[in-house]
Amino acid sequence: MLRMALVFFLSLFLVAPLAAQDTQTPTAPDRSATGGAQTLEDILARQRGEPVDDAFRKNNTGDPDAAAGIAAQLGTLGGASDPEVWRALRYGSADVTVSAGGEVASVLMQDGGMRWLEFRRGPLPKWGGWLLLGTLGLLLLFFLLRGRIRVDEPMTGRTVTRFKAAERFGHWLLAGSFVILGITGIVVLFGRLFIAPYLGKEVNAVLLDWSKWVHNNVAWAFILGLIMVFVMWVAHNLPSRTDITWLRQFGGIVGKAHPPAKKFNAGQKFIFWSVILLGGSIAISGLSLLFPFEMPLFAKTFSVLNQIGIPGWFGMDPLPTALAPQEEMQLAQLWHAIVAFVLMAIVLAHIYIGSVGMEGAFDAMGTGEVDEAWAHQHHSLWLDEVKDPDAKAPEGATPAE
Amino acid sequence: MKAMFVGFAAVVVIAIAANILLNRAGFSSQDVHSGPAVRLDG
């Protein structure tokens with residue numbers, strides 16, 4: 001009797017959970033949000049090992065009327081085909097929605113990228129490289145023909161202060177950073193062409209990594225130096241009538257004449273404005289590259305150029321004003337490099353004339369002190385002003401011979 | 001020549017300071033173009 005009772009109770013314990021399970025039979029979830037397709041809950045239930053009634057999927061075949069409407073979120077493509085979608089992606093006209101990354105991430109294929117790549121690895125290093133080598137060649141030729149420009153009169157031993165410490169600091173801040181930026185920029189552009197094949201890709205990769213870091217961070221010193229130099233010297237670099245005399249006599253670079261000049265002669269003014277305008281443009285395009293996609297420059301610039309009608313002057317179609325964010329960056333990179341090549345060529349000539357090309361020129365920016373004989377030969381009007389600040393030199397002064 | 005060397009030194013100091021400041025201000029590429037769901041280190 002006791003055994004019978006035990007069996008009865010055991011049976012109750014065993015059957016009770018089964019009965020309880022029967023009461024947990026899953027009810028069909030609401031699948032309206034997915035248009036009848038399986039929901040997250042269906043997937044989770046399957047992963048938990050719970051029975052899922054998949055009749056809603058299994059039987060949902062072969063009935064066109066069961067499909068979502070064309071305009072519905074999960075509708076079929078209707079009259080459009082898959083290739084049309086891919087074509088729209090290819091040409092940037094697809095209606096792409098992204099959850100992160102903004103406008104940049106919505107561009108899946110960017111046509112202009114290939115044009116940029118081809119130009120960056122072909123014409124840009126080729127013509128840029130030849131420009132620099134050609135400039136160096138011309139300077140060497142000029143040195144061989146003209147030799148070092150000497151001070152004609154004997155040195156007096158008396159010096160005048162040509163540049164104060166703050167001026168020299170600003171100059172060398174700008175010059176030092178520009179040389180570093182130039183070298184690292186060249187490594188970035190030419191590394192794959194001239195370093196990787198000879199020293200290996202690993203060496204090139206390390207140099208590239210370092211160059212990028214240095215280039216990005218030294219840029220701020222360049223911008224600061226540019227502002228300092230502009231503020232300190234702009235007043236001395238405004239065009240004046242003495243520039244015409246100076247240019248007529250080729251600045252004494254060709255021939256034996258020594259045309260009068262104030263603090264800066266026309267040649268130096270050309271260097272100054274080249275550095276300010278080209279350097280400023282390099283700085284702005286560089287900032288656009290330092291903060292990618294934050295400072296697009298070219299769509300707006302092209303729009304202004306189109307409004308003026310400049311492309312038409314050269315028989316060109318209007319420039320594109322609808323640019324992908326990536327294309328803005330590509331154009332900024334090309335502009336940055338092209339203008340930098342031009343400025344590097346100009347600065348090479350400046351470095352030449354300020355060092356080996358002219359006797360006594362380096363002292364002006366080295367110690368800041370120049371011999372009066374040098375000052376009289378190259379900047380006679382400025383020397384007069386320094387020696388007698390009250391007397392103003394006449395604009396059309398005769399050349400100092 | 002002192003101004004020249006001070007100028008060169010300033011280039012180095014400004015570069016290091018710019019790097020530290022911009023990274024701290026959240027301007028590193030990692031901070032700007034990545035998110036918590038992306039693991040870039042290690």
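The largest nonpolar core of this predicted model has 34 residues, of which Leu174(A), Val218(A), Ala221(A), Phe222(A), Val11(B) and Ala15(B) touch the most other members. A nonpolar core is here a set of buried Ala, Val, Leu, Ile, Met, Phe, Trp, Tyr and Cys residues joined through C-beta atoms within 7 Å. A residue counts as buried if 20 or more other C-beta atoms lie within 10 Å of its own, as exposed if 12 or fewer do, and as partly exposed in between, with C-beta atoms placed from the backbone. At least two residues of the core come from each of α8 (165-199), α9, α11 and α14 (325-354) of chain A and α1 (2-24) of chain B. Helices (DSSP runs of H or I, at least four residues) and strands (runs of E, at least two) are numbered from the N terminus. Another core, of 15 residues, lies apart from this one and includes Val151(A), Phe163(A), Met358(A) and Trp382(A).

Two residues are in contact if their C-beta atoms, placed from the backbone, lie within 7 Å. Residues up to four places away in sequence not being counted, Ala221(A) touches Leu173(A) and Ser177(A) as well as Ala10(B), Val11(B), Ile14(B) and Ala15(B). Between the chains, 17 residues of chain A are in contact with 13 residues of chain B.

Chain B contains 2 helices and 0 strands. Its C-alpha atoms fill a box of roughly 50 × 20 × 10 Å along the principal axes, and 14% of its 42 residues are buried. Chain A has 401 residues, 24% of them buried, and its secondary structure comprises 17 helices and 2 strands. Among the contacts in chain A with a separation of 6 or more, 68% join residues 24 or more positions apart.

Helices α9 (residues 201-233) and α11 (residues 266-290) of chain A have axes that come within 10 Å and cross at roughly 145°. The axes are lines fitted to C-alpha atoms over the stretch in contact, and angles run from 0 to 180 degrees between N-to-C directions. Among the residues making the contact are Phe222(A) and Phe230(A) of α9(A) and Gly279(A) and Gly280(A) of α11(A). By class, the contact has 10 nonpolar, 4 polar and no charged residues.

The loop between α10 (241-248) and α11 of chain A holds His258(A). This residue is buried because 22 other C-beta atoms lie within 10 Å. Phe250(A) is found in the loop between α10 and α11 of chain A, and its phi is near 55°, a positive value in a residue other than glycine. Phe250(A) is exposed, with 12 other C-beta atoms within 10 Å. Phe293(A), in the loop between α11 and α12 (298-308) of chain A, has a positive phi near 70°. Phe293(A) has 16 C-beta neighbours inside 10 Å and so counts as partly exposed.

Residues are numbered from 1 along each chain as its sequence is written, while chains are lettered from A and ligands numbered from 1 in the order in which they are written. As the model is predicted, local features need pLDDT of at least 70 and side-chain atom pairs count only at pLDDT 80 or more, whereas totals for chains, interfaces and linings use all residues.

Key:
Nonpolar A, V, L, I, M, F, W, Y, C, P; charged D, E, K, R; others polar.
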